[in-house]
Amino acid sequence: MPEKTSNGSKNKKGKKPLIWMAFSLIALLLSVVIVFGLTNLLVIFGGSHIKNDFEGKRYDCILVLGAGLYPDGTPSEMLADRLDIAIDLYKKGVSEVIVLSGDRSDERNYDEVGAMERYCLEKGVPAEAIEIDGQGYSTYESIRNLKNGGKYKNTVIVTQKYHLYRAIYIAEKLDVSADGANATLKKYSGQGARGFREFGARTKDFFKVFFK
């Protein structure tokens, strides 16, 4: 009988660390979910300055955020839609300047802003109305570069709606007055994966602007 009692006590003692580990893991997972969920809500509510009507509005510039190129060097479907919206706003007189911000890390092999510029020129935008930011490697950097340039106090940011919330939130936190123009013109393939990445990106940039 004593041996059974001893074995029973050992089993109970052995289970306690496992129970605490399970509780700790659950608490950690809940904390992560809460942090990601809360920061996403704050970014979405804080970056909700999205307009559908720009009639009579005037801005210092129209900022177009990069969205990748096809292998042949032409703008991706999403990027082309962003450019079309920006060009339409320019032609309506919303601003006299279009700022194209994207990756020009290797002008010979990957020149995102060069492709964006050619697209605008082909659509009738004069070269003098186009400004290039070839160091827009991320949403944060594109908006920070605009601010650091010191030329533009207010802007229209053009990108798809799921991305606009974060872009406008960053702008507001960097003291750039910004409204958003929604460039979601259709359903895009791979949007589920983009939405998942955006969930994490909102949290990342929330802390980035918080600790700037």
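Helix H3 is followed by Gly-124, whose phi is positive, near 95 degrees. Helices (H or I, at least four residues) and strands (E, at least two) are DSSP runs, numbered from the N terminus. The model is predicted, so that local features need pLDDT of at least 70 and side-chain atom pairs count only at pLDDT 80 or more, while totals for chains, interfaces and linings use all residues. Residues are numbered from 1 along each chain as its sequence is written, and side-chain values use heavy atoms, with hydrogens and water left out.

Within H3, the buried residues (under 20% relative accessible area, with exposed over 50% and partly exposed in between; 1.4 Å probe, protein chains only) are Glu-112, Val-113, Gly-114, Ala-115, Met-116, Tyr-119 and Cys-120. Their cover includes strand E2 (61-65), helix H2, strand E3 (98-101) and strand E4 (130-133), where contact means heavy atoms within 4.5 Å.

Helix H2 (residues 77-91) packs against H3 (residues 112-122) at an angle of about 45 degrees, and their axes are 10 Å apart. Axes are lines fitted to C-alpha atoms, for helices over the stretch in contact, and angles run from 0 to 180 degrees between N-to-C directions. H2 and H3 are therefore oblique to each other; angles under 35 degrees count as roughly parallel, over 145 as roughly antiparallel, 65 to 115 as roughly perpendicular and the rest as oblique. The crossing of H2 and H3 is right-handed, a crossing being right-handed if the near helix is turned clockwise from the far one by less than a right angle, and left-handed if anticlockwise. On the H2 side, Leu-79, Ala-80, Leu-83, Asp-84 and Ile-87 meet Glu-112, Met-116, Tyr-119 and Cys-120 of H3. This contact of H2 with H3 comprises seven nonpolar, no polar and two charged residues (Ala, Val, Leu, Ile, Met, Phe, Trp, Tyr, Cys and Pro count as nonpolar, Asp, Glu, Lys and Arg as charged, and the others, Gly among them, as polar).

Thr-139, Tyr-140 and Ile-143 of H4 meet His-163, Arg-166, Ala-167, Ile-170 and Ala-171 of H5. Five nonpolar, two polar and one charged residue make up the contact of H4 with H5.

Buried residues of H5 include Leu-164, Tyr-165, Ile-168 and Tyr-169. Just after H5, Asp-175 takes a positive phi of about 65 degrees.
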